[in-house]
Amino acid sequence: MSEKILENINRIPVRTWNWLGVNDISIDGVTPSIEPYELNIIKNPENQIKIEAMDDKKNLDPLLRNFDYNSVSKELSELAKEQYNSGIFAKIEKNQKTKEPVFIEYDLKDGQNIINDNNGIIAEEGSESTFIFRYDSVDHSESFHNGLIRIYGKKDATINLVKVQSLSDESTHLHGCICKLEENAKVNFILIELGGKSSATNVCTDLKGDNSSITIRTVYLGDKERVLDINYLVNHYGKETMSDIEVKGALLNKGKKTFRGTIDFKKGSRRSVGKEEEYAVLLSKDVKNKSVPVLLCTEDDVSGEHAASAGKIDENKLFYLMSRGLREEEAKRLIVEANISPILDLIPDDNTKAEIYDKIRRKLIYE
């Protein structure tokens with residue numbers, strides 16, 4: 001396929017000066033030919049949620065068909081919807097509430113290293129469910145992942161979604177989540193970005209119904225020469241809607257990260273509240289960090305907050321820990337973990353949480 005499909009992707013909703021280098025990203029390489037992926041990926045402990053493999057009929061479900069966002073890009077979204085080789089369709093019935101998470105697990109390896117997954121989740125009125133998507137490399141082979149998750153939340157529904165990405169250092173990760181929420185519906189994201197040579201992720205959400213809400217909690221680690229590109233957009237349409245974006249992470253070696261967070265208060269979204277905060281810990285002098293928090297507004301009676309900051313580890317904290325007998329690298333690791341642990345501790349599965357902590361610690365050892 002043409003390499004142009006990876007040019008100028010993950011575009012910011014409102015463009016700024018080109019010389020700042022934050023409007024979009026271009027990734028070297030081409031999208032590979034999509035091959036079959038046959039591994040069993042679904043773990044559904046309670047067997048209460050109806051989960052099926054995505055097929056053409058479910059792909060055209062009326063509630064999912066009209067998702068018109070480009071996500072990472074229009075071409076990549078269409079690739080996921082039209083040439084998918086994996087993916088699930090889940091429908092949570094009215095007033096159905098499940099306690100145990102559903103696991104969707106991809107283990108990429110040589111010979112099974114191309115994933116183009118198309119996922120749809122429809123949460124009926126009053127339902128509550130949790131999904132954990134995991135994308136991991138079990139060897140060091142070069143992998144390619146392009147994925148799309150479409151979520152429709154009906155009145156009073158709650159969807160909790162955790163995504164953990166820890167692909168190999170030579171992999172490409174492209175992933176979009178698109179949500180539409182009715183009255184009083186909620187979606188809660190926990191997004192963990194730890195791997196891939198190049199990673200471009202996108203979350204677009206329409207808060208259509210009054211009192212609907214979204215929270216996004218993101219943890220990232222950009223080590224070696226990893227490139228992370230994060231783009232979030234929340235459109236407030238309904239009255240008294242709420243959005244809360246919190247992004248925390250660390251950059252080391254020659255890692256690069258760009259964060260774009262846009263909260264858009266549309267006409268009619270009065271008494272809505274939106275806030276976003278991003279903090280990057282810079283562990284090396286050669287890292288590059290760019291943050292673009294954006295507030296857009298065509299409604300008077302709303303409240304919006306945004307903040308972005310980056311800096312080295314506090315020298316006083318570092319001195320204090322080292323004075324207690326810790327080596328410098330151990331003290332730095334402890335400070336980074338303390339920064340991100342409030343987000344990681346929200347993950348509703350102890351095994352997943354422990355695995356993430358282990359991966360982060362192993363990466364920071366070589367800082």
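Modeller: Rings of Phe, Tyr and Trp (its six-membered ring) are paired if their centres lie within 6.5 Å; planes under 30 degrees apart count as stacked, over 60 as edge-to-face and the rest as tilted. On that basis Tyr 37, Tyr 106 and Tyr 135 form one aromatic cluster. Please note that this is a predicted model, in which local features need pLDDT of at least 70 and side-chain atom pairs count only at pLDDT 80 or more, whereas totals for chains, interfaces and linings use all residues. Residues are numbered from 1 along each chain as its sequence is written, and side-chain values use heavy atoms, with hydrogens and water left out.

The structure holds three aromatic pairs. In one of them, the ring centres of Tyr 106 and Tyr 135 are 5.1 Å apart and their planes meet at 5°, so this pair is stacked. Tyr 106 belongs to strand β4 (residues 102-108) and Tyr 135 to strand β6 (residues 128-137), so that the pair links distant parts of the chain, 29 residues apart. Helices (H or I, at least four residues) and strands (E, at least two) are DSSP runs, numbered from the N terminus. Both partners are buried, a term that means under 20% relative accessible area, with exposed meaning over 50% and partly exposed the range in between (1.4 Å probe, protein chains only). The relative accessible area is 0% for Tyr 106, and Tyr 135 likewise stands at 0%.

Tyr 232 and Phe 259 form an edge-to-face pair, with 6.0 Å centre to centre and 75° between the planes. This pair also links distant parts of the chain: Tyr 232 lies in strand β13 (residues 227-236) and Phe 259 in strand β15 (residues 256-265), 27 residues apart. Tyr 232 and Phe 259 are both buried.

The wider chain gives the setting. Its secondary structure comprises six helices and 18 strands. The radius of gyration, taken over C-alpha atoms, is 20 Å, close to the 21 Å that the globule rule (2.2 Å times the number of residues to the power 0.38) gives for 367 residues, so the chain is as compact as a globular protein of that length. Along the principal axes, the C-alpha atoms fill a box of roughly 60 × 55 × 45 Å. Of the 367 residues, 57% are buried. Contact means heavy atoms within 4.5 Å; among contacts between residues at least 6 apart in sequence, 84% join residues at least 24 apart.

Most residues other than glycine have a negative phi. Asn 10, however, has a positive phi near 55°; this residue is in the segment before β1 (42-43) and is buried at 0% relative accessibility. Glu 240 has a positive phi of about 55° as well. Glu 240 is in the loop between β13 and β14 (242-251), and is partly exposed, with a relative accessible area of 37%.
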